[in-house]
Amino acid sequence: MTKQNREVWITGIGLVSCFGEGATYHWDILGGDSAPEAIQEKELFAPYTVHPLPEIDWSKQIPRRGDQRQMENWQRLGTYAAGLALDDAGLKDNEELVSSMDLVVAAGGGERDIDSDHQIMAEAKHHSDRDRLLIERLPNDLRPTLFLAQLSNLLAGNISIVHKVTGSSRTYMGEENAGVTVIENVVARIAAGQSTHALVGGAYNAERLDLLLIQELGNYLSRNCDDPVIKRLENGGGIIPGSSGAFLVLEDAEFAKARGATPYAKISGVSSDMGARDDKTIAARVKTIFDNLPQSKNTIDSIISGASGVKNITEQEFAFLDQQFGSDIPVRATNSLIGNSMEGTFPANIALAALALKNGKFFPPSEESEKPATLDPKTILVTSFGHRFGEGLALVEKV
Amino acid sequence: MSAKYTDHQGRPIIVVTGMGTLTSLGRGKKDNWDAITGGQSGIKKITRFPTEGLNTQIAGTVDFMNTREVSAPAISYAMADATAEEALAEAGFGSDGFPGPLYFAAPPVEVEWQHRFSLMDENPDAETGYSQLLEAARKKSHMHMHLLVQIGGIAYRLAEKYQTKGLPISLSTACASGATSIQQGMEAIRRGDTQAALCVASDGSVTSEGLIRFSLLSALTTQNNEEPHRASRPFSRDRSGFVMSEGSAALVLETLEHAKNRGAKVLGVIRGVGEKADKFHRTRSSPDGVPVITAIQRALDDAGIIDNHVDYINAHGTSTPENDRMEYNSLHAVFGDKVSSIPISSNKSMIGHTLTAAGAVEAVFSFMTMQCGTIPPTINYENPDPDIHLDVVPNEKRNAEVSSVLSNSFGFGGQNACLVFGADVV
């Protein structure tokens, strides 16, 4: 938790999800009187369901084919969403402001070549010396450019190359928590006067067998069940991954005003921690995380939850929300509609909170147990309870 | 805050009170310092996996960690644990936990081939491929493997063990990551978020696939497989690529006031940092050098260095043809012709390129340079590059009073981070 001095405005949103692309488009789809049908791919990765990428014309934000070729879909998605955010903030072609803009990206591991992995595995099945097989095959099978698509910091690198954002460039890594810490870091830097304007966000490609495997090693994926988050718990719960890219332009309010930019909303605080997850310990820790948020936490009227559907931790999150706010407060578990995007989830949920605040209306329930909103949102709590580690909270408010 | 605790910009003075390091030359500061001031190389033939037929068969591997499995996350964690422990012990933080956040420069971790093979063997009758691996994963939970391949996993474990505050940060700026971890600690302290920060960097990713990936980018030297100790030749005419290596370092950062109040010994001062991202290319620097020049100048200015005077430069000095030329040109642009009279050396000539860890390992050696009054050499400097006019402290250590150091770190993806260290509070 950082001492808040300067106000931190959200002045640009770049959002891509299974529904499509763009801030306005997402509000049109998600902000109506009833929630849309979730878009899910149920066959390709069965027994797992994922929310797939929409159709995207990459060249709209990544004009050079050469640049597109140097990336795989995870980096394309992030670079694309970053471009949308810059456009939305009116900064896209402002060379002076992008060259002084700070960049902080939440990233996971890069792409693997699944076909090449399959071929080596097939050969390894009956091979007596698998270490030798690797050194014989990999030099020929690996594409040199793929390595660059595998480096975590190369999403940021591509954003610098394609969109010319070069003030500074940092990549934070590590599941849902990376999404929390990038926002927390940028908010702290702007509040303290270390940065005036920054591009921050993350992306996730859910349609990757190698990433499904990582989550399933811990048995965290939902199997044969594509229900929304709360209902999913009845079947044992689990993650339904979703492809998304979410970037935000955050600015010092004075800096934004001086260039005539208008805010969606302000982020008035981010707080996070990690530790043991027995019921008692996590309840005490989350209470402290919450208490560290600024005073306006007392006016929270709506909640956007990053709950993944992983049973224990989702139940612990809802127990906290129940205890803190009572059971009537409208909570929207956005994983039900756009899936879990790991590093991209928290930035996406901040973006959705900002859209609701700007439009003066909260999202409709996406499942039976979610309460309808009776008030126009003014102060939204955004939550992140990582599937295995870490908890974070952010306060997003109407300006 | 009293003026004696603040720097030229009124910010808290940041000092180092504990350090740890571990490289292919050994475990701990003392063994490493003895080795690098003795001009010893840690580069050797790879024995971890077969290398016949590979263009590059050498590396600076760390082969003494005795981990349950030999994988990037297992070795990287073990090394980070060792250096964090060394640094915290020196700083005097014990079982009460650490009063600040963890900034961890994290290597890339993922499911490795050994994991894929072991999952295949758990489920041998299924059709080969990822569906087979997923089926094995469904049959029983693999929580340890899951923890190993969480990209934030090493930092989570360190944070729990050493009881650092808040969510740990796992960061990557490629080969500048070690410097970035220190930078992140500095920024947090300067913001007033914390009085102390634990900065750790670790990289143990010499796997066959890791080596081959760098090899395919033509980044590694292929010239000295039979004489590994001669392979890393920064600033030489016959340099031909870097040597992939493993290592770790940890530094405890505190405000001077915090250190004094608890009676901790000050090992040195972190005076400034400069950063500038490059938009030119994924693996190459802008030909005009402007981002690197800007990062260096920003670091000197941030440190309040007058007339760009530093006593010593700890080079990025990877031994690739391009890096060393670019580094020289950029230094020349900042310091002018007098750059030729500033001693500069590359620790990588001896320990190779410890990648994610390099900036932090080299920070530890920079502080030891100031503490001991000894500049470690650049070894293998037999054929000077005629276009690079630097005093590289060739082949033999040199005794010199050093009270300020510039340390450079550059990485793929346009990452440039430079740090300025001081021996004493100025």
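The questions and answers below turn to the contact between the chains, and then to one helix.

Guide: This is a predicted model, in which local features need pLDDT of at least 70 and side-chain atom pairs count only at pLDDT 80 or more, while totals for chains, interfaces and linings use all residues. Residues are numbered from 1 along each chain as its sequence is written, and chains are lettered from A in the order in which they are written.

Visitor: Which helix gives the largest share of the side of chain A that touches chain B?
Guide: Two residues are in contact if their C-beta atoms, placed from the backbone, lie within 7 Å, and the contact takes 67 residues from chain A and 61 residues from chain B. Among the elements of chain A that each supply at least two residues to this side are helix H5 (114-124), helix H6 (130-141) and strand E4 (168-173); helices (H or I, at least four residues) and strands (E, at least two) are DSSP runs, numbered from the N terminus. The largest share, eight residues, comes from H6(A).

Visitor: In E6(B), what is the bridge partner of Thr171(A)?
Guide: Two strands pair if DSSP finds at least two bridges between them, and E4(A) pairs with strand E6 (residues 169-172) of chain B in the antiparallel sense over three bridges. Within E6(B), the partner of Thr171(A) is Ser172(B).

Visitor: Within what arc do the buried residues of H3(B) fall?
Guide: Helix H3 (residues 113-122) of chain B has buried residues (20 or more other C-beta atoms within 10 Å of their own), including Trp113(B) and Phe117(B). Seen down the helix axis, with directions taken from that axis to the C-beta atoms, the buried residues of H3(B) line one face, because they fall within an arc of 160°.

Conventions:
A residue is buried if 20 or more other C-beta atoms lie within 10 Å of its own, exposed if 12 or fewer, and partly exposed in between; C-beta atoms are placed from the backbone.
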